[in-house]
Amino acid sequence: MSVDAAESCLPLIDDDPSLLVGRRRLPTRYFLAPLAGYTHLAFRRVIRDLGGVGLATTDLVQATTLLSGRRQALELVATHPDDRPLSVQVFSGRIDHLVEAAVWLEDHGYEGVDINMGCPMAKVNSRGGGARLMCDSDGACEMVSQVVRAVSLPVSVKMRLGWDREQLTAPALAREFEQVGAAAITVHGRTRAQGFSGSVDLEGIRATVEAVEAIPVVGNGDVRSPGDAFAMRRTTGCDAVAIGRGAMLDPWIFARIAAAVAANPADGNPSADQQVDFLVRHFRLMAQQHGEYSCQLFRKFAGWYGAKLGIPEDLEDRLRRFESFAAFDTIVEEIRQRHGTRQTDVATALIKVPNGPVERW
Ligand SMILES: Cc1cc2nc3c(=O)[nH]c(=O)nc-3n(C[C@H](O)[C@H](O)[C@H](O)COP(=O)(O)O)c2cc1C
């Protein structure tokens with residue numbers, strides 16, 4: 001690494017470590033990005049316990065399923081007093097549905113609405129939602145404008161750099177969204193055509209930062225360490241950073257960032273016992289919400305914890321198949337005795353991203 005590159009990773013000391021988004025003051029500038037299927041209520045609560053999370057956002061919820069009161073949608077917006085500050089992310093191709101969903105959220109006491117304009121999945125794009133909206137700037141602006149006018153909550157937008165390299169619409173859209181009252185913009189530095197391939201284009205994020213007058217721009221993509229987060233802010237000038245897969249890879253990342261900013265980096269290193277405690281609390285919080293069904297829901301995290309804690313494969317396998325709280329307790333006792341006996345590297349690949357040609361997602 002060159003001296004310049006090394007310096008850009010040094011902790012960034014802000015005059016004001018908190019950030020005002022609309023009328024909402026967020027305690028830090030480092031946010032948990034939504035990862036559908038992973039950043040559910042239990043995970044948000046357990047990671048918040050570690051400290052340093054400025055804002056979390058729910059998985060994307062389709063406006064109509066929320067309005068029809070479908071159980072899955074209500075589970076996605078389930079929250080808890082410890083789960084603050086929180087924004088709920090909604091999507092729809094229909095402005096009227098999105099407006100109604102935003103009003104519903106305000107009436108139910110939520111504190112922020114985030115409109116998804118970044119999702120690359122065909123099932124979202126074919127309904128006119130997600131990244132597809134970035135191709136219709138008038139429609140997208142009208143959508144943001146109507147949602148802003150319908151509620152007094154801060155309304156933010158999360159998007160990609162554009163549909164593809166030929167249509168890098170994020171800067172122009174961000175400016176227009178600001179003019180119609182958006183409180184903040186999050187930009188993932190890839191196009192929809194890129195999916196999750198290639199690397200994040202920091203110049204594209206920078207162009208978006210430069211396009212707005214005053215609202216915060218949140219940079220996003222490929223941040224895996226506190227150094228990456230500081231480098232993203234230095235290189236792009238963004239006001240905050242949203243971290244998704246990096247937070248799954250290392251849930252302590254927000255605590256590490258806070259410790260680095262406070263010039264106390266040693267604070268961020270968890271012991272193996274603390275990591276097992278994290279696993280246990282994650283499961284218990286899931287159980288509070290889902291009861292015995294959490295035994296099934298937790299299975300998807302078996303590979304991740306197995307690799308993270310270096311637990312032997314037979315134990316990881318049992319973590320994938322247990323059916324009762326008592327079985328969970330027994331497995332945890334063994335994990336406490338046998339973790340670290342397998343050499344593993346926690347690969348980002350454990351967080352599944354869609355693959356194959358993006359047109360078929
Ligand atoms: C499995 C998975 C689920 C995702 N779900 C959402 C979502 O519900 N809403 C959203 O705006 N972005 C979603 N994203 C995109 C992330 O929020 C983020 O923009 C992207 O992963 C890049 O940031 P990262 O490198 O920090 O993960 C998802 C990404 C992944 C891998």
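Here are my entries, in the order I made them.

**Ground rules.** I am reading a predicted model, in which local features need pLDDT of at least 70, side-chain atom pairs count only at pLDDT 80 or more, and totals for chains, interfaces and linings use all residues. Residues are numbered from 1 along each chain as its sequence is written, and side-chain values use heavy atoms, with hydrogens and water left out.

**Domains.** I looked up the domain assignment and found domain 1 (3-268) and domain 2 (272-338); such bounds come from an automatic or database assignment. Their centres, taken over C-alpha atoms, are 29 Å apart. To the contact (heavy atoms within 4.5 Å), domain 1 gives 18 residues and domain 2 gives 14 residues.

**The interface.** How much area do domain 1 and domain 2 bury between them? I noted about 1,400 Å², 66% of it on carbon and sulfur atoms. Buried area here is the accessible area (1.4 Å probe) that two parts lose on being put together, summed over both.

Next I checked for charge pairs. The rule finds 1 salt bridge across the interface of domain 1 and domain 2, where a salt bridge is a side-chain nitrogen of Lys or Arg within 4 Å of a carboxyl oxygen of Asp or Glu. Arg281 and Asp49 meet through their side chains in a salt bridge, at 2.3 Å from N to O.

I also looked at which elements take part on the side of domain 1 that touches domain 2. Helix H2 (41-49) and helix H11 (245-249) each give two or more residues there, and H2 gives the most, with 7 residues. Helices here are DSSP runs (H or I, at least four residues), and strands are E runs of at least two, numbered from the N terminus.

**The ligand.** Which residues are closest to the ligand? Of the 21 residues that surround it, they are Pro34, Gln89, Asn220, Asp222 and Arg245; a residue counts if one of its heavy atoms lies within 4 Å. A polar side-chain atom of Arg245 is 2.8 Å from a ligand oxygen. For Lys158, a side-chain N or O atom is 2.9 Å from an oxygen of the ligand.

**Salt bridges elsewhere.** I found 26 salt bridges in the structure. One of them joins the side chains of Arg190 and Asp222 at 2.7 Å, N to O. Arg190 is in strand E9 and Asp222 in the loop between strand E10 (217-220) and helix H10 (226-236), so this pair ties together parts 32 residues apart in sequence.

Conventions: A polar contact is a pair of N or O atoms within 3.5 Å; within protein, one must be able to donate a hydrogen and the other to accept it, and residues adjacent in sequence count only if both atoms are side-chain atoms.
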